[in-house]
Amino acid sequence: MKAFGFCLLIAVCALPVKAQKYFTRDGQITFTSEAPMEKIEADNNKVSSVIDLETGDIEFAVLIKSFHFEKALMEEHFNENYLESSKYPKATFKGKIENVSALKASTSAKHALNVSGDLTIHGVTKPVTIEAQFIVDKQMILASTTFAVLVADYDIEIPKVVRDNVSKEVEITVDMQYKPL
Amino acid sequence: MKRVLGILLVLAIAGGGLAYYLYNKPVESVGSKKPVHTVSSEELLAAYSENEATANEKYLGKVIAVKGNILEIVPGEGLEMQVILDAGDLMSRISCVMEEDYESFLERKLKKGDAVTLKGICTGMAMDVVVDRCVVVE
């Protein structure tokens, strides 16, 4: 009996232990605005995010001034006029991955899961649900998604003068590689 | 009359050229700019850890020079290469996103543990305090 109990204990210890929390400090977010006169694109490679596989909690912090544009004038307008980044230095997301248990059991499979929570941009918070693709690859979690945001939803004002240069709807692409905490 | 038209035309072309130049010019390098503050990596992190809003008022969007010991050199392309400075904390460091090419940075022969001063624009704190478009201060 004792031998059996001992063997069971060893067997349990031999089970692969998956880390509970995953994080990244170098996540990538790109936003694109396609307007009649111009295509504007900006990249941010310093996105911070944490996933808790146990609860499904997922959080993002995006430093607005870390977005890089090709043209100085665009970067200036983006920061000073549209996002007012000195007043609202961060965009954040706080929510939950639905059906996160699919990721816990997984090995190298791709999952399309819904992520629901509060998205805060320019000081305005809106509830959103976004479908994202998750891959658990050895000790990493890869997550990616693309979704659209209506600029007006977050009280971002585009002056009439540049209306043909900046679109009302902006496409956001998220690309993250999480490591165990 | 013709003279006036001629002058106006030249001005219009010059004006157009200037506008085109201004519209398309890339973001300026930090290299020529003077830092508003010079701090140690520990000081910078302490300011943000104590009160983020106050720290942002002081550092956010400003050109700052940060002195610290190199914790990690992270390769990357374009504006992605990073020099991570030790700020005395396990989870939070100073992440300096470099304007320099990774290959050319390696030629400096700087390594982990070396003291270095980097100048860039503070973009705030997420997990790390991020300083952007950094150049090495010789």
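First, the ground rules. This is a predicted model, in which local features need pLDDT of at least 70 and side-chain atom pairs count only at pLDDT 80 or more, while totals for chains, interfaces and linings use all residues. Residues are numbered from 1 along each chain as its sequence is written, chains are lettered from A and ligands numbered from 1 in the order in which they are written, and side-chain values use heavy atoms, with hydrogens and water left out.

Let us start with the rings. Rings of Phe, Tyr and Trp (its six-membered ring) pair if their centres lie within 6.5 Å; planes under 30 degrees apart count as stacked, over 60 as edge-to-face and the rest as tilted. Over all chains, the whole structure holds seven aromatic pairs. In one of them, the ring centres of Phe31(A) and Phe67(A) are 5.6 Å apart and the planes stand at 70 degrees, so this pair is edge-to-face. Phe31(A) is in strand β1 (residues 21–34) of chain A and Phe67(A) is in the loop between β3 (57–63) and α2 of chain A, so the pair ties together parts that are 36 residues apart in sequence. Helices (H or I, at least four residues) and strands (E, at least two) are DSSP runs, numbered from the N terminus.

Next pair: Phe69(A) and Phe78(A) have ring centres 4.8 Å apart and planes at 50 degrees, so they count as tilted. Ring pairs link Phe31(A), Phe67(A), Phe69(A) and Phe78(A) into a cluster.

Phe31(A) is buried at 11%, Phe67(A) is buried at 6%, Phe69(A) is buried at 7%, and Phe78(A) is buried at 7%.

Now the cores. A nonpolar core is a set of buried Ala, Val, Leu, Ile, Met, Phe, Trp, Tyr and Cys residues joined through side-chain atoms within 4.5 Å. Which residues touch the most other members of the largest core? They are Ile51(A), Phe67(A), Phe134(A) and Tyr178(A), in a core of 46 residues. Strand β6 (residues 124–137) of chain A gives the most to this core, with six residues. Apart from it lies another core, of 26 residues, including Ala55(B) and Val131(B).

A polar atom of the Glu75(A) side chain lies 3.0 Å from the backbone nitrogen of Phe69(A). Glu75(A) also touches residues of chain B, Val27(B) and Arg133(B).

On to charge pairs. Side chains of opposite charge can pair when their charged atoms come close. A salt bridge is a side-chain nitrogen of Lys or Arg within 4 Å of a carboxyl oxygen of Asp or Glu. By this rule there are 14 salt bridges over all chains.

One of them joins Lys46(A) and Asp26(A), at 2.8 Å from N to O. Lys46(A) is in strand β2 (residues 39–52) of chain A and Asp26(A) is in strand β1 of chain A, 20 residues apart. Lys46(A) is buried at 5%, whereas Asp26(A) is partly exposed at 40%.

In chain B, Arg108(B) forms a salt bridge with Glu138(B), with the closest N and O atoms 3.1 Å apart. Arg108(B) is in the loop between α4 (102–106) and β5 (115–125) of chain B, and Glu138(B) is in the segment after β6 (129–136) of chain B, 30 residues apart. Arg108(B) is partly exposed at 30%, and Glu138(B) is exposed at 79%. Elsewhere, salt bridges that share partners join Arg25(A), Glu72(B), Arg93(B) and Asp128(B) into one network.

Last, Ser48(A). This serine is in strand β2 of chain A and is buried at 5% relative accessibility. Its contacts include Arg25(A) in chain A, and Ala126(B) and Met127(B) in chain B.

Definitions and conventions: A polar contact is a pair of N or O atoms within 3.5 Å; within protein, one must be able to donate a hydrogen and the other to accept it, and residues adjacent in sequence count only if both atoms are side-chain atoms. Contact means heavy atoms within 4.5 Å. Buried means under 20% relative accessible area, exposed over 50%, partly exposed in between (1.4 Å probe, protein chains only). Lists of a residue's contacts leave out its neighbours within four places in sequence.
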